[in-house]
Amino acid sequence: MNTPPAATYQILDIRGSTAQTKNVPEHKDYPENDDYRKKPPTPPASTDQSLDAFNGDDLVDTILESLDKPEGSKSIPTFVLYDTRGLQLFDEITHTDDYYLTNAEMGILKERADQLAARLHDGSVIIELGAGALRKTTIILEAIERHKLRVTYYALDLDQHELERSLGSLGDFQYVRLMGLLGTYDQGIPWLSQQFASADPPTHKMILWLGSSIGNQCRRESAMFLNRIQQTCMQPGDFLLIGFDKRKNPITIKTAYDDTDGVTREFIMNGLDHVNVILGQSVFDRNKFDYDSRYQSDLGRHVAHYRARENVVLAYQRRTGNPLRINIRKDELIHVEYSYKYSDEEFTHMLSAAQLDKAESWSNDALQYGMVLAECRAFKFDCDREGTHETLYPTRTTQRAKEDINCTTCKADYSNDIAYDDNDDKPASLSHILGSKHWPAYIPSLHEWQQLWRSWDVVTTTMIDHKSMLFEQPIALRHPFIFYLGHIPAFLDLQLTRQGVDGGSLTEPANFGDIFERGIDPDMDDPTQCNPHSIVPTENDAWPGVESIILYQQKVRNRLQRLLLQWEAEDYSASVQQQRRRAARVVWMCFEHEALHLETLLYMLLQSPNIRPPANVATVPWKMAARSEAYASAQERDRLDPSPLVSISEGYVSIGHDDDEEADQDATSDMVEYGWDNEHPKREVHVDAFAIQSRPVTNGEYLAFLKDTNSGNWPESWARMQDGSVGVRTSFGLCPITYATNWPVQLSYCEAQKYAEFNHMRLPTEPELRKFRADQSNNKQKMPNIGFQAWHPTDVTNDQVHTLGDVWEWTSTIWDKYPGFKPSKLYPGYSADFFDGKHHVMLGGSWATHPRIAERASFRNWYQAGYPYVFGGFRCVSSTV
């Protein structure tokens, strides 16, 4: 029998003052001869059983402080479970039949490892946090070997014995270089940041956080940890692979954490033995304690405690002074570990809080376990901030109170006491979600503006080639691209100046306001009829140079940034809010104006044959199919069965909200969320009973309709591919319709109406679509694809109700004035210029719509009925219930 060769590896000690800070050579710098492969591991092989990351008096103090507390407040740090013996026991747990998590994760990795390898390239670095036994990691490394990629793998762990055992058991690799990092998370993250985060050119990284380790802290602690990794260790284009356990049958979870073989119980009790080792005294008698295991299903977490079997006195002899005595009453609980479970919605909230995006997600449906490949992008819009706040700071409901136990550590999950940073009064790490106690939520913050500017820059500097595309006009009814580069800063600059927001004058060159103030939206039937607009150059060489436009843009951004920093520095009291109400409205209006134009620019770009993919955004799975066989078969879709109909009862629905612009000067009026003039005032509308499709019509269904009617009139969102087949326009080029079959189709109102009539249905009115959306709170809903969560529409299904995202939705309601409508004085023509009977109301939001817009229920959009370029879809209605 042949014995596999022992793995060749190195271990770097990154603990405290002993940390090895030398620069790690790139993979290409390593010699290719056998001399390297025979190099012994460093540091020297360990023999001392205490040689791990738990050395130091600070750990003694941490443990004693956590125990020396009143009844119900005692805890022991979770890390005590993971000494050498604990790691061995945990590995044994993963082999038990009851502990489903490991097999579920390994099943996903076996199926997807080649896809993960396809995301890497020569010179990539893989870092695993809490490496453990490396059974799952081996699957990924072997896939990398098959792809012949020269990659360096770093295993971070806090026990040298386990690092040596695990790395030494991997066998020999030809392409993967093995490195161990001896230290904790808190030691590893700064080291990784120092080594890789500021590299020029950037080092491509994939960080692994497997084994549902994300569940070992409360959700806000895990969100802050992920955000710390994103901020300090990752650059745009990097990946973070996360394994997480899903909510499921409580019995399955209870059994997994208290297995029939008793291995988990011994793992937990061994923690007390390890405490004695760290303290250097026999403080705990494990025979006087039991393992208390329970699952709190409403909150979605398993909690582990030590329960005292009798009255106990813990005695610790200090080096100086009197001994410490800690009294523990019979049945008192000592907290030691969490294990949180997640719904898909909760996990999406976690990524939002961490400022990460989802590149791909996979599930083991049988065992209800998930893995997400998250990516770091250049910008991140915060979606569903209210839901994210609830995930991080859950409400203590009546049902959850019934599951309470006498443990302040567990109850702390409900805490609404947000810790604000001493310097800027913002919650540490999560200020983008939690906001500031001094900054009103209805005003876009500087952070939000900066993310919007980054998104604009990604689109205008990486998707548009400034050398060849600036004067393209892919849609004849719109200006060339160069106009929009100047329009956004000019609009902002003009509004700040005209309304006296900051007391400043026009930014130079002041004449840019004349050229770039307002764009065009001509009548499709008679393009000579157009809204008031700027007079722009007719010759390419008459436009200002793009360099001067970019410089102008930066100066205007700096102007606004100075204003917002000034506002942040001041006490934003209620009286100040009233005094600044009109100025704040201007800032809000300019924010949404830029966000709306970002989407306009994108649907224009998709009509250009020269569009370039966005930089540092993960290649979408359907595009990966052309590169890797591992993706090809996984992406093709069969057309959905006809959409289910949802019956909506007769009743009233609210349209709009109350936001009278004229009240900005009234110091006695209440502050409200801002909106455009067509959203005010709030009004109630009666709706008769109707039935509506649970999701939008798809590309596959529309293609079938064209075949049934012998029509060759493709929507403008489609184009012919080289083989003659249908391709769907995206930011990444044409997507074969076989992959986009179940995306919502994007088309004009007129095209949607023909489909509905052919199927003996109609399009919904605005009140009907609003009532449908308002009545779906109790139904299983698809997570909204808005704010660039995906860079194109995504699959809809018949299993979930679709209420928001992917596409705007057409209604049959004509865009017109209504009782109570008053044109804006800040932007008089915003709505009123288009009350011509040719525009229709659209609701919702697309994949490219900013969450501030898409998530505001009162927002109303509009386009001409024949306009085919907007990211607009539809669903059908039957008047017969």
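Predicted model: local features only at pLDDT ≥ 70, side-chain atom pairs only at ≥ 80, totals over all residues.
Visitor: What makes the radius of gyration of the protein chain agree with that of a compact globule?

Guide: For 881 residues, a compact globule would have a radius of gyration near 29 Å, and the protein chain has 30 Å, so the two agree. The C-alpha atoms fill a box of roughly 90 × 65 × 60 Å along the principal axes, and the chain contains 28 helices and 25 strands.

Visitor: Why are helices H16 and H21 called roughly parallel to each other?

Guide: Helix H16, residues 446-463, and helix H21, residues 581-605, pack at an angle of about 25 degrees, and their axes lie 11 Å apart. Angles under 35 degrees count as roughly parallel, and H16 and H21 are therefore described in that way. Their crossing is left-handed.

Visitor: Which residues of H16 and H21 meet, and how does the contact divide into nonpolar, polar and charged residues?

Guide: On the side of H16 the residues include Trp449, Trp453 and Trp456, and on the side of H21 they include Phe591, Leu598 and Leu602. The contact divides into 14 nonpolar, 3 polar and 2 charged residues.

Visitor: What makes H7 and H8 roughly parallel to each other, and what is the hand of their crossing?

Guide: The axes of helix H7, residues 185-197, and helix H8, residues 219-232, cross at roughly 20 degrees and come within 9 Å. With the limit for roughly parallel set at under 35 degrees, the conclusion is that H7 and H8 are therefore roughly parallel. H7 passes H8 in a right-handed crossing. Among the residues in contact are Tyr185 and Ile189 of H7, together with Phe225 and Ile229 of H8. The contact of H7 with H8 is made up of 6 nonpolar, 2 polar and 2 charged residues.

Visitor: Why are E1 and E12 called edge strands?

Guide: These strands belong to an open sheet of 8 strands with mixed pairing, whose order is E1-E4-E3-E2-E5-E6-E13-E12. Strand E1, at 9-13, and strand E12, at 357-364, each pair on one side only, and they are the edge strands. From one strand to the next, the twist averages 20 degrees.

Visitor: How do you know that E3 and E4 pair in this sheet?

Guide: Two strands pair if there are at least two bridges between them, and 7 bridges join strand E3, residues 151-157, to strand E4, residues 176-182, with the strands running parallel. As one example, Ala155 stands opposite Gly180 in E4. Helix H4, residues 100-118, packs on the sheet, where it touches E5, E6, E12 and E13, and its direction makes about 40 degrees with that of E13.

Visitor: What makes E14 and E17 a pair, and in which sense do they run?

Guide: E14 and strand E17, residues 690-693, are joined over 4 bridges in the antiparallel sense, and a pair needs at least two bridges. Val646 has Ile692 as its bridge partner in E17. The open sheet here has 3 strands in the order E14-E17-E25, with antiparallel pairing, and its edge strands are E14, at 645-648, and E25, at 877-878. Helix H26, residues 766-774, lies across E14, E17 and E25 and runs at about 75 degrees to E17.

Visitor: Where do the peptide bonds of Pro509 and Pro681 show a cis form, and what is the omega of each?

Guide: The bond from Glu508 to Pro509 is cis, with omega near 0 degrees, and Pro509 is found in the loop between helices H17 and H18. The bond that joins His680 and Pro681 is also cis, with omega about -5 degrees, and Pro681 is in the loop between strands E15 and E16.

How values were computed. Residues numbered from 1 in each chain as written. Heavy atoms only, no water. Axes fitted to C-alpha atoms, helices over the stretch in contact; angles between N-to-C directions. Helix = DSSP H or I, 4+ residues; strand = E, 2+ residues; numbered from the N terminus. Parallel < 35°, antiparallel > 145°, perpendicular 65-115°, else oblique. Left-handed = near helix turned anticlockwise from the far one by under 90°. Contact = heavy atoms within 4.5 Å. Nonpolar A, V, L, I, M, F, W, Y, C, P; charged D, E, K, R; others polar. Rg over C-alpha atoms; globule rule 2.2 N^0.38 Å.
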